[in-house]
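Student: Please take a close look at the charged side chains here and at how they pair. I would like the pairs placed within the chain as a whole.

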Amino acid sequence: MPRKAKHPCHHPDCPNLTEERFCEEHKREEARHYEKYVRDPRTRKRYGRAWKRIRDTYVKTHPFCELCYERGVMVAVEEVHHKLPLSEGGTHDRDNLISLCRSCHAKIHAKRGDRWH
């Protein structure tokens, strides 16, 4: 399948060509900026080091997207989703988690209407 033509990085005065919005150098910089200044501080508290450990152990036992797997398609997990969001009283308990690919994760949030996905 043909790829899209590369375009300049969106970071001001960066001449690097990329297929994404930012080049590799500025992608990390923009992620740090987002975490520090844009992302809600309450979210950072909910998704700290403990969440990373919980997520990693869940992915070891559920390595494929659970929704795709039900349809007979094996897609590697990219996101661990809370069935009941933390903001609505959900917890990090294993029975509240589901392994998803990015596509299924985006579909869930699009149906809920609570994200820009």
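Tutor: A residue is called buried under 20% relative accessible area, exposed over 50%, and partly exposed in between (1.4 Å probe, protein chains only). This is a predicted model, in which local features need pLDDT of at least 70 and side-chain atom pairs count only at pLDDT 80 or more, while totals for chains, interfaces and linings use all residues. Residues are numbered from 1 along each chain as its sequence is written, and side-chain values use heavy atoms, with hydrogens and water left out.

The setting comes before the pairs. The protein chain has five helices and four strands; these are DSSP runs numbered from the N terminus, with helices (H or I) of at least four residues and strands (E) of at least two. Read from the N terminus, the order of elements is β-β-α-α-α-α-β-β-α. The radius of gyration of the protein chain is 17 Å, well over the 13 Å that the globule rule gives for 117 residues, so the chain is more spread out than a compact globule. That radius is taken over C-alpha atoms, and the rule is 2.2 Å times the number of residues to the power 0.38. Along the principal axes, the C-alpha atoms fill a box of roughly 45 × 40 × 30 Å.

Of the 117 residues in the protein chain, 25% are buried. The accessible surface of the chain comes to about 9100 Å², with 54% belonging to carbon and sulfur atoms; the areas come from the Shrake-Rupley method with a 1.4 Å probe, and for residues only the protein chains shown count as cover. Among contacts in the protein chain with a separation of 6 or more, 35% are between residues 24 or more positions apart, a contact being heavy atoms within 4.5 Å.

Now the charges. The protein chain carries 26 positive and 18 negative side chains, and the centres of the two sets lie 2 Å apart. Lys and Arg count as positive and Asp and Glu as negative, with His and the chain ends not counted; each charge is placed at NZ of Lys, CZ of Arg, CG of Asp or CD of Glu. Side chains of opposite charge can pair when their charged atoms come close. The structure holds seven salt bridges, each a side-chain nitrogen of Lys or Arg within 4 Å of a carboxyl oxygen of Asp or Glu.

One of them joins aspartate 56 and arginine 55, at 3.8 Å from N to O. Aspartate 56 is partly exposed, with a relative accessible area of 30%, and arginine 55 is partly exposed too, at 23%.

Another links arginine 112 to glutamate 88, with an N to O distance of 2.6 Å. Arginine 112 lies in helix α5 (residues 102-112) and glutamate 88 in the loop between β3 (79-82) and β4 (97-100), so this pair ties together parts that are 24 residues apart in sequence. Arginine 112 is partly exposed at 38% relative accessible area, and glutamate 88 is partly exposed at 46%. Elsewhere, salt bridges that share partners join Glu20, Glu24 and Lys27 into one network. Within that group, the side chains of glutamate 20 and lysine 27 meet at 2.8 Å, N to O. Glutamate 20 is partly exposed, with a relative accessible area of 45%, and lysine 27 is partly exposed at 29%.

Aspartate 13 sits in the loop between β1 (7-8) and β2 (17-18), where its phi is near 65°, a positive value in a residue other than glycine. Aspartate 13 counts as exposed, at 82% relative accessibility. Aspartate 40 is placed in the loop between α1 (24-38) and α2 (41-46) and is partly exposed at 29%. From aspartate 40 to threonine 18 there are 22 residues in sequence and 29 Å in space, C-alpha to C-alpha. Arginine 44, in helix α2, is partly exposed at 34% relative accessibility. Not counting residues up to four places away in sequence, arginine 44 touches Glu35 and Lys36. Its C-alpha atom is 28 Å from that of cysteine 9, 35 residues away along the chain.
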